[in-house]
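Me: I am new to reading protein models. Could you walk me through this one, feature by feature?

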Amino acid sequence: MIMLLFFSLFLLMFLLPFLPGIRELVQPQDSSPLHINMNYSKDPRYFGKSFRSILDKRLATVDLQSDMQTVKLSKKEAVLFSANLTVPEDSRINYVLYVTDNFVSRERCIFEKEIYTGGKATVGDECEIRALAADARVSLGNKTNVIRWVDSEEDITTGDECDLGWSISCQKKLRIGSGSKFRRLFGMPVLTCKQDGDGYLPGHYTDIQDIGDTAFKTDSEWLIVPPSTKLNKVIIATQNLLIKYGCILKGDIKTYGNLIVEEGVRITGNVFAEKDVAIAAGTRILGNIFSQGTITIASQTKIGRSGMIKSAVSRKEIVLGRGVSIFGYVLAGKKGRAS
Amino acid sequence: MELVVLILKIYLSLTALVMVVYFIRHFTFTLNRLVGRQRIYYQDILDSELPSVSVFIPMHNEEKVAADILDLLISSDYPQDKLEIIPINDHSSDKTKTILNRYSRKFPLIKPLHRSKGSRGKPAGLNEAIQNAVGEIAIVFDADYLPPKGILRDMVVAFKDPEVGAMMGRVIPKNTPKNLLTRLLDLERSSGYQIDQQARYNLRLIPQYGGTVGAFRRELFLTLGGFDEDILAEDTELTYKLFVKGWKVIYASRVECYEEAPEEWPVRARQIKRWSRGHSQVMFKYFWPLLTSSHISALEKIDGALLLFIYSVPFLISLGIFASLILFFLGEMQLIESLLLFLFVVAYNTFGNFAPFNQLGIATLIDGSTHRIRLIPLIFFVFVFNLWYTTLGFINAALDVLFKREILWQKTDRFRAVSGGPG
């Protein structure tokens, strides 16, 4: 009897850890496969296109002549329909705006819902916008605060000291005002305002390496490409890399540490860095720039080339100097800002 | 007898040491995922200049799944003028050939390779197909995989990095709810990718090219001599081949693809035996090149060695259990008197037993899964199962080396109902 008791006790203790699992097997609460979006296709203008697609679908049967209606978009929303619309200053709008022609907002307005305009959109200073999709040019005033995104089929120009939310994208030129903060930018090209800024000056360095092989593996703290070097090979630096002024490098660059590119350098390939990247004034990079740290791009630098989409992607911050052009996509994992 | 006891004691102590080393490894990876610096993959790079791509799908009697993967690949967003899809019909005796020919007539970018002569098996099939392909980048999917629309772009962007020789995506079981086995495999996969692979990528160690949802530079592959057709784990072989020559393999957690996990224990047993045997073959071939390569850092060498030996650990543990039983019945288990060993045993019992469970738990946490965490204690049964079949695989590999045996490729059975075809 005692043996049976002990055995039962042992069995209970043995099975106890498995009981929650057995319950999950019998009454599954979390048995679905992990989700994969099978239709996901990368598109830097995804937000604007997706919003337009919802509008096209949901408004197909709606009379666009009437003023205000409740329409099911992602959920039921009040939508104001208008041909041209000018919103007076200090207004607070808590419904979706659907404007078939031009949209104008005066200063200090707050738009709590999305805006669509088939024409131009002009937003005054110090407004707050949740999301805006425009089929023509967009102009955002100084100190505009974008909560989510702005997208245009043409150009976008932002004022100074804007907070540009999650994404600003357009099919043509995207001009970013000075002092603006951003996460994602897409334009052909993305431009920062043109004023002369200070060139970037690198810190101290001590070592100069001979350039001869395809891949450079060095244990020294800095691998240095001497001034005005012309090279037609890939460079891989196992620590930091300094590219001195005036170099022409036809190939990709990879560094496990920091990368400093001095003034007037031309790089035809892609640039990858495990740490920070600092690019001095007047540099031209035809490929992508990727950093697991921060990217700083000084004034008058060009990334990519007309007609091609290239990217500047950083895990942390991106700082853009004045007069910078990037043909394509800019993504700052944490925050980006234009000087 | 005293000598035997001494040998057994030394062996048992070494086994404990090996286990402690591996639990430290598990904990390091898990902690890295919890609190360490996370490196991002390149999926956010948008680049309109895309390389040409050849997608290879090894197939041996894949009539149940062939149409599904082809349908998905032809609806990919990758530019069709830069894409060729090469299903490798490897000695199939079912309707695979008919299905592939039907697709190829309708879609010129599908160019099946029908193999009915020569050696059968994934490495041999891939070697032949890759030789005749044109893409700059080779991408491999197993036939049961379901690639999403944008996956090819996300894969090839890895090769913008000049030192990347191969990349590996993440595998997610589609048939998770099916039964106990598929649910436990789902946990294993989460742990393996979400923790092991990502942590190795974060720590710049040796992420593994896994043979499917993976890509590599085609010309480089040919320069390195292709796959060794006598090795069952061609994926592991390519990983080490690349690292030894100075190239890197990177892991992309974001590049996710559904697979069909084995639904029957005997099928899983064969799969594990094949992996263990193949991986151990790679261990015998690449251990020395790994240690002596001038292209690999010290940390990479340590991780690479631990990864090479991983399928031999169950064999060592099995022998350790055997040794401890003998010592116990001989009344010689007082080896705990050694302070160092005592510490090892205590450390192992405190953390070691816990390490794999901890890793699984954190993986499900990162994945945002909640209730499936309750299944973790049931992994104990998988542990015993894996121990046995991995040991068998390791012994087979050792016998292969000793007796130069011929290797026969065994494909994994499929469980999906037969799908349609091009209309």
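Reply: Start with burial. A residue is buried if 20 or more other C-beta atoms lie within 10 Å of its own, exposed if 12 or fewer, and partly exposed in between; C-beta atoms are placed from the backbone. This is a predicted model, where local features need pLDDT of at least 70, side-chain atom pairs count only at pLDDT 80 or more, and totals for chains, interfaces and linings use all residues. Residues are numbered from 1 along each chain as its sequence is written, and chains are lettered from A and ligands numbered from 1 in the order in which they are written.

Me: Which residues are buried in helix H2 of chain B?

Reply: Helices (H or I, at least four residues) and strands (E, at least two) are DSSP runs, numbered from the N terminus. H2(B) spans residues 66–74, and its buried residues are B:Ala66, B:Asp68, B:Ile69, B:Leu70 and B:Leu73.

Me: What covers the buried residues of H2(B)?

Reply: Look for contacts: two residues are in contact if their C-beta atoms, placed from the backbone, lie within 7 Å. The cover of H2(B) includes strand S1 (53–59), strand S2 (83–90) and helix H3 (96–106) of chain B.

Me: How do I read helix H14 of chain B, from its first C-alpha to its last?

Reply: Compare its reach with the expected span, which is 1.5 Å times one less than its number of residues. H14(B), residues 379–403, has 25 residues and reaches 35 Å, close to the 36 Å expected. After H14(B) comes B:Lys404, with a positive phi near 50°.

Me: Which residues of H14(B) are buried?

Reply: Among them are B:Tyr389, B:Phe394 and B:Asp400. Their cover includes helix H9 (265–292) and helix H11 (313–329) of chain B.

Me: What does the whole of chain B look like?

Reply: Chain B has 14 helices and seven strands. Buried residues make up 50% of its 423 residues. The radius of gyration is taken over C-alpha atoms, and the globule rule is 2.2 Å times the number of residues to the power 0.38. For 423 residues, a compact globule would come near 22 Å; chain B has 22 Å, which agrees.

Me: How many residues of chain A are in contact with chain B?

Reply: 41 residues of chain A are in contact with 36 residues of chain B. On the chain A side, H2(A) gives the largest share, five residues.
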